[in-house]
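Hi everyone, thanks for coming.

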Amino acid sequence: MEYIIFDLEWNNAYNYKLNKGINEIVEIGAIKLNDRLEIVDTFKQLIKPKLSKKLTSRFKNLTHITMDELKENGIDFESAFSDFSRWSKGRDTVFLSWSTSDLYTLAENFRFFKKTVYIDFIPKYADAQKYCMQFVANHNGNQISLQNCAMQFNIDIDTTNLHRALEDCYVTAYCFKKVFDKERFDEYIRVCDQSFFERLVFKPYYIRSLNSEYFDINKEKLVCPDCFGNVKPINEYIIENGCFKNAGKCEKCNKKFWVFVRAKKTYDSVLVSKRLVRINKRRAKKII
């Protein structure tokens with residue numbers, strides 16, 4: 001098995017066509033490890049931006065990359081990842097990055113520049129951050145930075161070179177090798193088919209339509225919180241503050257309730273939450 005640790009640097013640019021911001025990749029770095037976790041090759045490439053008119057102050061302060069450097073030494077996105085694809089080919093290869101944010105950004109850039117989120121040269125993937133965190137004491141479930149993880153593992157690093165793609169790959173490799181256990185690591189490997197990338201970039205959202213193809217509010221069963229009888233909606237549902245709202249009456253105890261239902265669309269399903277609030281007697285008499 002081979003392991004490819006990759007890291008991306010990106011600049012926040014505004015996409016006028018989509019009318020939203022996009023993290024445009026401007027540098028890629030990668031390290032190839034053999035089955036003994038020895039470094040056998042490296043890859044580094046600057047990418048000439050198509051969307052970025054200027055680099056943000058935060059990006060320049062972190063990376064020290066300049067626009068002149070990108071224009072002089074960068075190549076276009078398609079060529080850069082075509083080269084990376086050829087370089088990364090191997091037998092039974094697993095790709096790693098420090099958190100899934102790099103993979104997500106790569107899929108988003110693929111969607112914009114190549115009209116697909118499917119990255120065909122990545123057959124398997126594992127989150128190096130998630131794997132290493134199981135060996136870090138007292139992280140309380142919070143994500144840990146690459147620099148802090150290296151410190152926890154007593155790895156000496158040059159902080160002046162952090163936030164450059166290839167340098168971050170080296171630090172990730174040191175952390176990964178420090179705690180590598182093949183049997184435990186195998187549990188973190190994911191097969192990267194089309195649905196894997198679609199799920200990665202899918203953003204859950206609340207359904208705010210009475211005519212959604214994914215959710216029919218009128219088929220939802222409502223249960224009385226007092227007697228557990230069936231609560232029947234009194235009026236037509238309306239959408240208010242992002243949720244479905246109605247009044248309902250229990251067919252068993254005749255109590256009336258305000259009914260609030262939220263439906264959240266995820267990649268695989270619709271998650272439904274319901275809340276019934278008792279209507280005071282004076283107000284309930286006015287509701288048919």
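So, where does Asn154 lie? It lies in the loop between α6, residues 146-152, and α7, residues 165-178. Before I go on, keep in mind that this is a predicted model. What makes me point at Asn154 is its phi, which is positive at about 60° even though Asn154 is not a glycine. And Asn154 is exposed, with a relative accessible area of 69%.

There's another asparagine to look at, Asn254. Its phi is positive too, about 65°, and again Asn254 is not a glycine. You'll find Asn254 in the loop between β11 (243-250) and β12 (256-265). Asn254 is partly exposed, with a relative accessible area of 48%.

Okay, now on to α4. This helix has 13 residues and runs 18 Å from its first C-alpha to its last, close to the 18 Å expected at 1.5 Å a residue.

Is α4 mostly enclosed or open? Well, 10 of its 13 residues are buried, so α4 is largely enclosed by the rest of the structure. Among those buried residues are Leu103, Leu106, Phe110, Phe112 and Phe113, but also Asp102 and Glu108. As for what covers them, the list includes the strands β1 (2-15), β2 (20-33), β4 (93-97) and β5 (124-127), plus the helices α3 (77-88) and α9.

Let's stay with α9 for a moment. Helix α4, residues 101-113, packs against α9, residues 194-201, at an angle of about 100°, with the axes 10 Å apart. Angles of 65 to 115 degrees count as roughly perpendicular, so that's what we call α4 and α9. On the α4 side, the contact uses Leu103, Tyr104, Ala107, Glu108 and Arg111, and on the α9 side Phe196, Phe197, Leu200 and Val201. By class, that's seven nonpolar, no polar and two charged residues.

Note on methods
Residues numbered from 1 in each chain as written. Predicted model: local features only at pLDDT ≥ 70, side-chain atom pairs only at ≥ 80, totals over all residues. Heavy atoms only, no water. Axes fitted to C-alpha atoms, helices over the stretch in contact; angles between N-to-C directions. Helix = DSSP H or I, 4+ residues; strand = E, 2+ residues; numbered from the N terminus. Parallel < 35°, antiparallel > 145°, perpendicular 65-115°, else oblique. Contact = heavy atoms within 4.5 Å. Nonpolar A, V, L, I, M, F, W, Y, C, P; charged D, E, K, R; others polar. Expected span 1.5 Å × (residues − 1). Buried < 20%, exposed > 50% of the residue type's maximum accessible area, 1.4 Å probe, protein only.
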